Every structure is written in structure tokens, then in C-alpha cells.
Amino acid sequence: MIDSKEASAALADIDDIVQRVKQSQLYELASLAAVWWGALVFVGNLVTWLWPVYAVYAWGAVDVLGVGGMVGIRLLNPPLRPDGAAFDVRLVLVFVLFFAFGYLCTNVVGHFGPRQLGAFWPLYFMLFYTLAGLWFGYAFVAIGLGIAALTLFGFFYIGEAFPLWMAFVNGGGLILGGLWMRRI
């Protein structure tokens, strides 16, 4: 028979294991999302650098494929909570609100040029990545702050090759960050 101290210690150990499993499941899904978006963003920035006239079409495709991929990742993976539904319409609404606010800032309130757009969207994404890290783990904070810092460096110090810089910083950074999250 175990006493109350041993029972409390055993329950604390179980709770710790449960939290680590939830963290690993979250990191697994976030890793898939980061690699998916990273690959799309890499291609979008390459198109912007190589064929600027097609950039608007490339980024429209990146956004549609990105959101579609997120919905697919969510549908193909079990919910993190046993009571969670396989699909939650709030995921789509989050993206609609996210992009609507970004569009409002860049095209209605401000009239951003290509370079400003190339810096705004990664910084905007990384703001939320970093904020999520305050709740979900240090990997999100590290990835968000790292990509944001390199984006700002590129904005101020990289010339004509800024879209190529962003392909590697933002796209490559998300891919590397996603792979790193798989190992944590």
C-alpha cells in the first residue's frame, strides 16, 4: 500500500507525462504547418525575385494553398483533446480575420510597396508565432524572434536581392524551425 505522499508524487509524474505528450502533439502539428508554409513562402519569394510581375499571383496561390494545407493537416490529424471535433470552422475564421486585417493595414490604411509588403507579412506572421510561444513553448518564440530579426536586417541592409533573402530567411527559417520542433 502506498501512502498519500507517494500517491501525490505518482500523480504529479503522470500529470508531467500527460503535459509532455500534449506538448509533443502540438509541436508535431506545428512542425507540419511550419514546413508546409515554409515551402510555400520559399517558392513565393523566389517567384517575386525572379519574375516580379507574377508576384501578386504567386502570393495569392501561396495564401490559398497555405490555408488549404492547414485545413488538411487538421483534418488528417487527430484532435489534441479527446473531446475536440475533427474540424473547427474557427480555424478558417482565424485565417480570414488574419488576412483581412493584414490587407486593411497594407492596402487601405497604408499603401505598401513590394519591399514593405515583403517585410510586413513575415513580421506580422512572426508576431503571432512569438505570442503563441508564450503559451505553447519556447521553440515558437525562438523561431518568431529569429525570423523577425533577420527580416528587419534584410529590409534595411539587403538591396535588390531582398526577396531572395526572404526566401531563405522566412521560407527556409520556417522549414528549419519546423524540423527542429520535430526533434524537441
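Helix α4 (residues 114–136) and helix α5 (residues 138–157) pack with their axes 7 Å apart and at an angle of about 160°, where axes are lines fitted to C-alpha atoms, for helices over the stretch in contact, and angles run from 0 to 180 degrees between N-to-C directions. The two helices are therefore roughly antiparallel, a term for angles over 145 degrees. Among the residues that make the contact are Met126, Tyr129 and Thr130 of α4 and Phe140, Val141, Gly144 and Leu145 of α5; contact means heavy atoms within 4.5 Å. By class, this contact has 17 nonpolar, 6 polar and 1 charged residues.

The model is a predicted one, in which local features need pLDDT of at least 70 and side-chain atom pairs count only at pLDDT 80 or more, while totals for chains, interfaces and linings use all residues. Residues are numbered from 1 along each chain as its sequence is written, and side-chain values use heavy atoms, with hydrogens and water left out.

Apart from neighbours within four places in sequence, Thr130 touches Phe140, Val141, Gly144 and Leu145.

Asn45, placed in helix α1 (residues 4–50), is also buried, with a relative accessible area of 6%. Leaving aside neighbours within four places in sequence, its contacts are Trp59, Pro163, Met166 and Ala167. Helices here are DSSP runs (H or I, at least four residues), numbered from the N terminus.

Methods:
Buried < 20%, exposed > 50% of the residue type's maximum accessible area, 1.4 Å probe, protein only. Parallel < 35°, antiparallel > 145°, perpendicular 65-115°, else oblique. Nonpolar A, V, L, I, M, F, W, Y, C, P; charged D, E, K, R; others polar.
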